[in-house]
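Subject: Structure for you to look at

Dear colleague,

Here is the structure I promised to pass on, and below it you will find my notes on what turned up. Please read them with the structure open beside you.

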Amino acid sequence: MSKQVKITEVVLRDANQSLIATRMPRSDFEDILETMDEAGYYSLEVWGGATFDSCLRYLDEDPWDRLRFIRSKVKKTKLQMLLRGQNILGYRHYSDDTVRAFVRKSVENGIDIIRIFDALNDPQNMATAIDECLKAGGHAQGTICYTISPIHTFESYVALGKTLEGMGCNSLCIKDMAGIMSPQVCYDLVSALKKEVNLPIFVHSHSTTGLGPMTLLKAIEAGAAGVDTAISIFSGGTSHPSTESLIYTLNEMGYDSGVDLKVCQKINDHFKPVQARFLKEGGLNPSVLTTKIDALNYQIPGGMLSNLISQLTAVDKLDRLDEVLEETPRVREDMGYPPLVTPMSQMVGTQAVTNVLTGERYKLVSKEIKSYCRGEYGKSPAPISAELMEKALGDEKPFEGRYDDTIEPEIPGAKAYLGDLAESEEDVLSYVAFPQQAEAFLKERQEKKALKVSYTIKEAK
Ligand code: CO
């Protein structure tokens, strides 16, 4: 019997996010969903991450509607989303009632698997989401964010894996958001986890440094249950290893992924003109497609580097990029080595830019980093440096205990505020998650409906 490998296709979520800043409208993929359902993928990652925010902010789409639509076309294949634990899809900690309602509604609207992570690898920040996912009948995939630092050892990852198993997770994911996990490290880490943890292990990486395809292959050789890939036209660079190339390799090596390359070809043909349009109109910058070995030194994840470049370009200071790239790991060390994943990547990056441009370290400290120092994001992996603590908080004492217990329920207030603007609990959740964007979206929807009604009355006369 050939060895089984599960493939998760990420073109609609992570590849979309990593290459084109999640600007793919529904019209670009609605006609290919039924074909994607026939490919034999284990799952499709379609939601969460930045998709929710982007739908409301840029695409004039109801994110819940997008999910329900995908579910209506994808009947066999599991649908998967990425959730930032207590941050759900946003950049701050939400109340437990928000996290629970969001998770429950995600499952109700069609999500099968929720990959739950925390930027700090703090299991307390994942606990509520995992618990609610299991209660709602979803598959909870506990996540280990992979990063390189003096304190992130195999022992620490295995300990986290065991904790997540103890919390009831159905599977584990090793999330290498920066594409910096080498093939050998991946092999050893999967092997170490398999020895101690009795759960299927999934590996997520990026092609940023060029290691990604080799890393996935070694993951599979070490016995990973599954890996994430992107259909070839949306693969490579800050995106992911290509689906077809990996399947081709696995077929030759006697693995069975269940994925049909002929169907992949149809999917790829569908996305070719989409990619070409983004390239032509500037939504896809060709530079994100090249292999950047620097990321191995700076550990800059896909997305973060382009954010730094655009922040510097906006103030006409792109010539300071090298300094910012050197300052970034220093800020990270001061913060106790948080993995560089949302929202930590933005916080570290913005602070590094500020430190370089003001010419004095921590002359200005962002509101977010002050909150982080107070403990509002959970436990920092290592202690925060005394210098940063002092510059950020002055005499103020950091928070003790679980910060989330102090957040008041958010849903009742939001419901009362929105009144008839909200037509469903999902609308209320959109508002709690992204107040400005959701309110604008809901108002516009109401206006459009009112217009339609008056138009229909006129027509009838
Ligand atoms: Co990713």
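A residue is called buried when its relative accessible area is under 20%, exposed when it is over 50%, and partly exposed in between (1.4 Å probe, protein chains only). This is a predicted model, in which local features need pLDDT of at least 70 and side-chain atom pairs count only at pLDDT 80 or more, whereas totals for chains, interfaces and linings use all residues. Residues are numbered from 1 along each chain as its sequence is written, and side-chain values use heavy atoms, with hydrogens and water left out.

By that definition K135 is exposed, at a relative accessible area of 59%. K135 belongs to helix α6 (residues 124–135); helices here are DSSP runs (H or I, at least four residues), as are strands (E, at least two), numbered from the N terminus. The side chain of K135 makes a polar contact with that of D131, at 2.9 Å, where a polar contact is a pair of N or O atoms within 3.5 Å, and within protein one must be able to donate a hydrogen and the other to accept it, residues adjacent in sequence counting only if both atoms are side-chain atoms.

Turning to the metal, the cobalt ion has as its protein donors D14 (OD), H204 (NE2) and H206 (NE2), which lie 2.0 to 2.1 Å from it. Donors are N, O and S atoms within 2.8 Å of the metal (3.2 Å for Na, K and Ca), and the site may look incomplete because water is not among the atoms. Along the chain the donors follow the spacing D-x189-H-x1-H. D14, in helix α1 (residues 11–20), and H206, in the loop between β8 (201–204) and α9 (212–221), are 192 residues apart, and the pair thus links distant parts of the chain. D14 is buried, with a relative accessible area of 5%, and H206 is likewise buried, at 4%.

H206 is also one of the residues touched by S239, among them A15, S18 and F234, not counting residues up to four places away in sequence; contact means heavy atoms within 4.5 Å. S239 lies in the loop between β9 (226–229) and α10 (243–253) and counts as buried, at 0% relative accessibility. A polar atom of the S239 side chain lies 2.7 Å from the backbone oxygen of F234.

Finally, in helix α4 (residues 63–73) the buried residues are P63, W64, R66, L67, F69 and I70. At the start of α4, a side-chain oxygen of D62 comes to within 2.9 Å of the backbone nitrogen of W64.
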